[in-house]
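Reader: Could you take me through some local features of this structure? I would like the cut-offs stated as we go.

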Amino acid sequence: MEQKNILIVGVGGQGVLLASEILSFAALKAGYDVKKSEIHGMSQRGGVVSSHVRIGEKIYSPLIKEGNADVILAFEEAEAQRWIHFLKENGKVILNKYKLVPPIASMKGYSYPEDPVGAVRKKVRDIEVVDGVSIAKRLGNLRLINTLLLGVLSSSLYIPEKVWEEVIRERVPKGTEDLNIKAFQEGRVHASHSGD
């Protein structure tokens with residue numbers, strides 16, 4: 001597998017860190033070298049959370065340089081827009097269609113972007129917008145969005161589906177394994193139909 005740089009972004013409480021952990025362990029289990037770096041900006045209070053995950057035969061640094069991300073996996077619309085400068089030319093954005101306006105947006109001098117998805121579409125050809133909230137609600141649990149988005153991402157990586165499912169079962173909270181596998185499968189189905 002050629003080297004893959006995946007930047008996962010969102011806000012605290014969305015499952016960004018669990019998603020990066022599952023991705024990292026799945027890549028390790030599939031035989032790749034992995035380096036990961038996380039930034040928790042007040043992650044418990046809706047602050048920005050990002051995780052750099054680099055996968056390949058041999059990885060030396062955990063950080064993705066600007067303009068070098070193969071994929072940005074965005075759990076929130078404005079975060080996709082905020083981090084777009086990290087995407088390389090011809091990179092892919094997987095974007096959860098969800099707006100989480102932070103409390104700071106009510107303060108003077110700060111505003112939430114009007115159309116983050118439109119702004120990303122203007123800069124990126126390969127964008128996959130996922131209505132993760134609707135799919136997770138249909139499955140019965142909003143906390144499934146992270147494994148749903150990993151299912152979409154999995155179609156871009158050379159990690160066997162069986163490995164993903166093993167790692168999901170090992171890493172998600174006990175009692176939620178089957179639901180998380182179902183969400184992962186929904187993401188894979190979404191990815192396979194997105195080019196239709």
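**Local features**

Author: E77 counts as buried because its relative accessibility is 4%; buried means under 20% relative accessible area, exposed over 50%, and partly exposed in between, with a 1.4 Å probe and protein chains only. This is a predicted model, in which local features need pLDDT of at least 70 and side-chain atom pairs count only at pLDDT 80 or more, while totals for chains, interfaces and linings use all residues. Residues are numbered from 1 along each chain as its sequence is written, and side-chain values use heavy atoms, with hydrogens and water left out.

Reader: Where is the place of E77, and with what is E77 in contact, leaving aside neighbours within four places in sequence?

Author: E77 is in helix α2 (residues 77-83); helices (H or I, at least four residues) and strands (E, at least two) are DSSP runs, numbered from the N terminus. Apart from neighbours within four places in sequence, E77 contacts L95, N96, K97, Y98, K99, Y112, P116 and V117, where contact means heavy atoms within 4.5 Å.

Reader: Now the rings. How many aromatic pairs does the structure hold?

Author: There are 2 aromatic pairs. The ring centres of W83 and F86 are 5.4 Å apart and the planes are at 50°, so this pair is tilted. Rings of Phe, Tyr and Trp (its six-membered ring) pair if their centres lie within 6.5 Å; planes under 30 degrees apart count as stacked, over 60 as edge-to-face and the rest as tilted. Both W83 and F86 are buried. W164 and F184 also form a tilted pair, with 5.6 Å from centre to centre and 35° between the planes.

Reader: Which parts of the chain does the pair of W164 and F184 link?

Author: That pair links distant parts of the chain, 20 residues apart: W164 lies in helix α6 (residues 161-171) and F184 in helix α7 (residues 177-193). Both W164 and F184 are buried.

Reader: Which residues of α6 and α7 make the contact?

Author: From α6 the contact uses E161, W164, E165, I168 and R169, and from α7 it uses E177, D178, N180, I181, F184, Q185 and R188.

Reader: Where does N90 lie, and is N90 buried or exposed?

Author: N90 lies in strand β5 (residues 87-96). N90 counts as exposed because its relative accessibility is 62%.
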